[in-house]
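Here is a short briefing on one model. Look through the sequence and the fold, then read on.

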Amino acid sequence: MQANSATMPPDALLSPYPPHPPLLPHPPLLQPLIALQRVHKQFDNGLQALSDVSLSVAPGEFVALLGPSGCGKSTVLRLAAGLDAASSGTVQAPALLPGRTSETAYVFQEPTLLPWASVFDNVWLPLRLQGRSRADAAATVRQVLARVGLADFEQAYPAALSGGMKMRASIARALVTQPRVLLMDEPFAALDDITRQKLNADLLQWWHGRLMAALFVTHSVAEAVFLSQRVLVMAPRPGRVVAELVIPQPYPRSADFRHSSAFADACRAVGAALSEAHDGPARQLPMAGLR
Ligand SMILES: Nc1ncnc2c1ncn2[C@@H]1O[C@H](COP(=O)(O)OP(=O)(O)OP(=O)(O)O)[C@@H](O)[C@H]1O
Ligand SMILES: [Mg+2]
């Protein structure tokens, strides 16, 4: 299932935004792991954060959420993580099912590592909360640390790590439970461009082939296009999905993709949808003076 015009609620079709056709038809999908249907979210102070949001993410799908500040991206993630409840509509996700909370991993912009614990102990933490002893978890922790390139830093403390290394440790902690749902809220926003691009490429390797459902929030058009199969563009006041664009480039994606015309085309299309989300649809300007 995907949030295309066939599955969008009827009101969405009344949106002033012109439809953005997918660049190519989407391949068939497995049953979604995350599904929001006609979700509204109003906070206690009366603020309408989400209006009629419908979206889904299937196992093995990588979906990006892009949109201006305050349009409700983090709110969507919080609903999918079971950290908050919808005011109306339905939210389906493993995090909302009893006994399945460990299937969801949440990575924040800040690495949120425990400063007094070593990298090893930080990554062990989720397994420890599941009752696994240090000795029992050691092989798994080391395997994940190797996967994120931190094998030599298991004894280091967060204060001794660079921003990129902290984020690697944070992602290792997210991956150590082998989650089925990976929710990421601007995880690389604080990093320099080169580190960010390297982590983008590595993230795809960690995700690819594991049938994880990834929902990734970003403000970067290029990051959304490089990583995802679908980009959902949201607009604010109230937060809603105004465009869905399919990025047909197959995985694995290498750095070459960034330099391809397909990448430039997709960035242009996503960028145009994002501009509309910021400013509203482009208006036809009067041409009288030019005749
Ligand atoms: N607990 C809350 N109580 C009241 N309003 C809230 C609460 N959490 C978020 N909001 C409001 O809901 C709207 C959506 O917030 P959200 O954090 O989801 O936006 P966002 O798209 O993630 O923004 P950003 O890109 O800046 O992170 C904003 O107007 C925000 O002020
Ligand atoms: Mg946010």
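How many residues of β3 are buried? Five of its five residues are, so to speak, under cover: β3 is mostly covered. A residue counts as buried if 20 or more other C-beta atoms lie within 10 Å of its own, as exposed if 12 or fewer do, and as partly exposed in between, with C-beta atoms placed from the backbone.

This is a predicted model: local features need pLDDT of at least 70, side-chain atom pairs count only at pLDDT 80 or more, and totals for chains, interfaces and linings use all residues. Residues are numbered from 1 along each chain as its sequence is written, while chains are lettered from A and ligands numbered from 1 in the order in which they are written.

- Helices (H or I, at least four residues) and strands (E, at least two) are DSSP runs, numbered from the N terminus.
- Side chains in a regular strand alternate between the two faces of the sheet.
- On one side of β3, Phe62, Ala64 and Leu66 are buried; on the other, Val63 and Leu65 are buried.
- β3 pairs with β7 (residues 213–218) in the parallel sense, over five bridges; strands pair if DSSP finds at least two bridges between them.
- Leu66 has Thr218 as its bridge partner in β7.
- β3 also pairs in the parallel sense with β8, over four bridges. There, Val63 has Arg230 as its bridge partner.

**The six-strand sheet**
- The sheet is open, with mixed pairing and the order β5-β6-β7-β3-β8-β9.
- Its edge strands are β5 (104–107) and β9 (240–246), each pairing on one side only.
- Neighbouring strands are turned by 15 degrees on average, direction ignored.
- Helix α7 (residues 261–279) lies across β3, β8 and β9, at about 15 degrees to β8. Angles run from 0 to 180 degrees between N-to-C directions, with axes fitted to C-alpha atoms, for helices over the stretch in contact. Contact means C-beta atoms, placed from the backbone, within 7 Å.

**The three-strand sheet**
- This open sheet has the order β2-β1-β4 and antiparallel pairing.
- β2 (48–57) and β4 (88–92) each have a single partner strand, so one side of each lacks a neighbour in the sheet.
- Six bridges join β1 (residues 34–42) to β2, and Ala35 stands opposite Ser56.
- Helix α1 (residues 73–80) packs on this sheet, touching β1, β2 and β4.

**Ligand 1**
- The shell holds 13 residues, the closest being Phe43, Ser69, Lys73, Ser74 and Thr75; a residue is near if its C-beta atom, placed from the backbone, lies within 6 Å.
- α1 gives the most to this shell, with three residues.

Technical notes. Contact = placed C-beta atoms within 7 Å.
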